[in-house]
Amino acid sequence: MPRGSNLPAVAGFNETVVLDQIRRSDDGVSRVELVALTGLSPQTISNVTRKLLQRGLINETGKVVGGPGAPRMMLQLNPVGGFAIGVHIDPVVITCVLLDLEGNLVAHSHLRAPSIAIEDPEEGIAAIAAAVDQLIAGTAVPRDRVIGLGVAVPGPVDAVRGRVVKPPLMLPWSEFPLRESLEAATGLPTLMIKDVTAAAVAEQWMNAENPSRNFVFFYYGTGVGVGMVLNDEVHNGASGNAGNAGHFRIAPDGPMCSCGRRGCFSQAVRPARLVDQAQQLGLLDATAATDLHSVFGLFERLVASAETGEPQARQLLVASVEAVGSFIVNVTNLLDVDRIVFGGPYWSTVEKFFQRELPERIRFSEIDNLSHSVNVASSVIGEDVVAVGAACLVLAGSFSPQSSKLQIAPAVIKVGV
Ligand SMILES: [Zn+2]
């Protein structure tokens, strides 16, 4: 089985090829055009499109175009012909989204992750399954139209076995059969992907206005990481763990990191670490709890303080902007990307500050020798970005028989609708 062929099959190979071509056409496509686009015979196209119509995955638009030969009936994707669920498991919040076949957001929900869900994976799976049930029930979408579920998780991931391996903030989930359990609890074919990679998938699918074939998604959450799209393909790495940017070593004498080394990049930008420094400086109440939930509010206060010009708060934030600027220069030199997209749970808190302070700190020198500019932007998708990416992965599997853009390690194949 080739890598990447593990996605929920809504259709056979030819059906998927045809469906993908129909999806790519904005104004619909005729059967004659499909013959030319796919290389399949007219008879095969006729059979395949009939099946897709019967199953409600495509519509005849009724539009007849001119030109030589008989009038042609145009075919379009039926947006409500299928749906995909995306789940983002984060130590602080569990996000669920429902997308239609075109990738439109139909519904979403946010569950402030109860600590029990983090401490007890069984409870966590039950909570997620209940949230998915509620999400579907809150719409008019028939459950049997849901093709599958994509779940995005913090790394490191064991993509082959569908597990996370010692995720620093979700240790009880280590080696828990996450994908299998979620599949059993929801009854939906389930795919697993690393969170930062899912964010890049979402941006690739959704940002039609500013398409880039080479970009990095900078994920600013409890930790930091990057998702990469290189030459229009999502880069997963050999084990599905690409993008572990938080442990780039930027200061050999820097503070100790959870990985056991000193001076990791994440220590310069991680909200909990900045809050800790602010507490030590007396900028924030030193007695305030700094659990994962509390850090959010404390970090907001720190940023607000920096915005008003409090010198030490500003200095803390500027140091993290400096680190991000250097990081972007390094990554851009390494990968020759032309776009850096920022997003993730903490991004909106620092967005204004970074947008003001970052551009002047991204300094390319003449020896960097870039022949193009680098566009820095915020994600168009917002806080749901990772869950949306996980759901896009399910849709991609329905459209792309090769799944070349989204190769992930083997998982269970099940036939969907
Ligand atoms: Zn580290």
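Helix 5 and helix 6 are oblique to each other in this predicted model. The axes of helix 5 (residues 121-137) and helix 6 cross at roughly 45° and come within 9 Å. An angle counts as roughly parallel under 35 degrees and as roughly perpendicular from 65 to 115, and the pair is therefore classed as oblique. The crossing of helix 5 and helix 6 is right-handed. Helix 5 contributes Ile 125, Ile 128 and Ala 129 to the contact, while helix 6 contributes Leu 178, Ser 181, Leu 182, Ala 185 and Thr 186. By class, this contact comprises 6 nonpolar and 2 polar residues, with no charged residues.

An open sheet of 5 strands, with mixed pairing, runs in the order 6-5-4-7-10. Its edges are formed by strand 6 (105-112) and strand 10 (190-194), each of which pairs on one side only. From one strand to the next, the twist averages 15°. Helix 6, spanning residues 178-186, packs on this sheet and touches strand 4, strand 7 and strand 10. The direction of helix 6 makes about 140° with that of strand 10.

Within the sheet, strand 4 (residues 83-89) and strand 7 (residues 146-153) pair in the parallel sense, over 6 bridges. Ile 85 has Leu 149 of strand 7 as its bridge partner. Helix 2 passes helix 3 in a right-handed crossing. On the side of helix 2, the contact is made by Arg 31, Leu 34, Val 35 and Thr 38; on the side of helix 3, Pro 42, Ile 45, Thr 49 and Leu 53 take part. The residues of this contact divide into 5 nonpolar, 2 polar and 1 charged.

The chain as a whole has 13 helices and 15 strands. Its radius of gyration is 23 Å, close to the 22 Å that the globule rule gives for 417 residues, so the chain is as compact as a globular protein of that length. Along its principal axes, the C-alpha trace spans about 75 × 55 × 35 Å.

Note on methods. Residues numbered from 1 in each chain as written. Predicted model: local features only at pLDDT ≥ 70, side-chain atom pairs only at ≥ 80, totals over all residues. Heavy atoms only, no water. Pairing = 2+ DSSP bridges. Helix = DSSP H or I, 4+ residues; strand = E, 2+ residues; numbered from the N terminus. Axes fitted to C-alpha atoms, helices over the stretch in contact; angles between N-to-C directions. Contact = heavy atoms within 4.5 Å. Parallel < 35°, antiparallel > 145°, perpendicular 65-115°, else oblique. Left-handed = near helix turned anticlockwise from the far one by under 90°. Nonpolar A, V, L, I, M, F, W, Y, C, P; charged D, E, K, R; others polar. Rg over C-alpha atoms; globule rule 2.2 N^0.38 Å.
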